[in-house]
Amino acid sequence: MKRSSTIFLQTVIVLIGIGALAILLWEPHLEGVNANATTLSEIYFDDPFLALVYIWSIPFFMELVITFGSIVIATAAAMFERILQDDVDLKSANDLTV
């Protein structure tokens, strides 16, 4: 993989996480139950469904961390594989010339 494709994948994952967090913070102001709420405590503490949504979002952000780690490991493995393959090709070419 090229370095640019790795950076692109990392950027996409970060943007998905930021978008999900923004929706979690912005949506309660639009919800029908909380549309007339005047304080943040009314919005975030009086609605049990909203509390469940925030609790259920924790695995999503954990899945993002695990995915990001897996992508980093896969990219490193692909890099090491390419380096090793180049060295094997160079060694076999040198063995044929000597």
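This is a predicted model: local features need pLDDT of at least 70, side-chain atom pairs count only at pLDDT 80 or more; totals for chains, interfaces and linings use all residues.

Colleague: What share of the residues counts as buried?

Modeller: Of the 98 residues in the protein, 14% count as buried.

Colleague: And how many helices and strands are there?

Modeller: Three helices and zero strands. Reading from the N terminus, the order is α-α-α. As for contacts with a separation of 6 or more, 50% of them are between residues 24 or more positions apart.

Colleague: Take α1. What span should its 24 residues have, and what do the end C-alpha atoms give?

Modeller: Helix α1 covers residues 3-26, and at 1.5 Å a residue it should span 34 Å. The C-alpha atoms at its ends are 34 Å apart, so expectation and model agree.

Colleague: Which residues of α1 are buried?

Modeller: Start with the general idea. An α-helix has 3.6 residues a turn, so residues three or four places apart point the same way. In this case, the buried residues of α1 are T6, I13, G17 and L24.

Colleague: Which residues make the nonpolar surface patch?

Modeller: I16 is in there, together with F8, L9, V12 and F60, and the patch is about 420 Å². Helix α1 gives the largest share of it, four residues. F60 sits in helix α3. With 34% relative accessibility, F60 is classed as partly exposed.

Colleague: How far is the C-alpha atom of I16 from that of L64?

Modeller: They are separated by 8.9 Å, while the two residues are 48 apart along the chain.

Colleague: Let's finish with T75. Where is it, and is T75 buried or partly exposed?

Modeller: T75 lies in helix α3, which runs over residues 48-97. The cut-off for buried is under 20% relative accessible area. T75 has a relative accessibility of 11%, so it counts as buried.

Colleague: What does the side chain of T75 reach?

Modeller: The T75 side chain reaches the backbone oxygen of I71, at 2.8 Å. A polar contact is a pair of N or O atoms within 3.5 Å, so that's the cut-off to keep in mind when you look at this pair.

Terms used. Residues are numbered from 1 along each chain as its sequence is written. Side-chain values use heavy atoms; hydrogens and water are left out. Helices (H or I, at least four residues) and strands (E, at least two) are DSSP runs, numbered from the N terminus. Buried means under 20% relative accessible area, exposed over 50%, partly exposed in between (1.4 Å probe, protein chains only). A polar contact is a pair of N or O atoms within 3.5 Å; within protein, one must be able to donate a hydrogen and the other to accept it, and residues adjacent in sequence count only if both atoms are side-chain atoms. The expected span of a helix is 1.5 Å times one less than its number of residues. Patches are made of residues with over 30% relative accessible area and no salt bridge: like charges are joined within 9 Å, nonpolar side chains (Val, Leu, Ile, Met, Phe, Trp, Tyr) within 5 Å. Accessible areas come from the Shrake-Rupley method with a 1.4 Å probe; for residues, only the protein chains shown count as cover. A salt bridge is a side-chain nitrogen of Lys or Arg within 4 Å of a carboxyl oxygen of Asp or Glu. Contact means heavy atoms within 4.5 Å.
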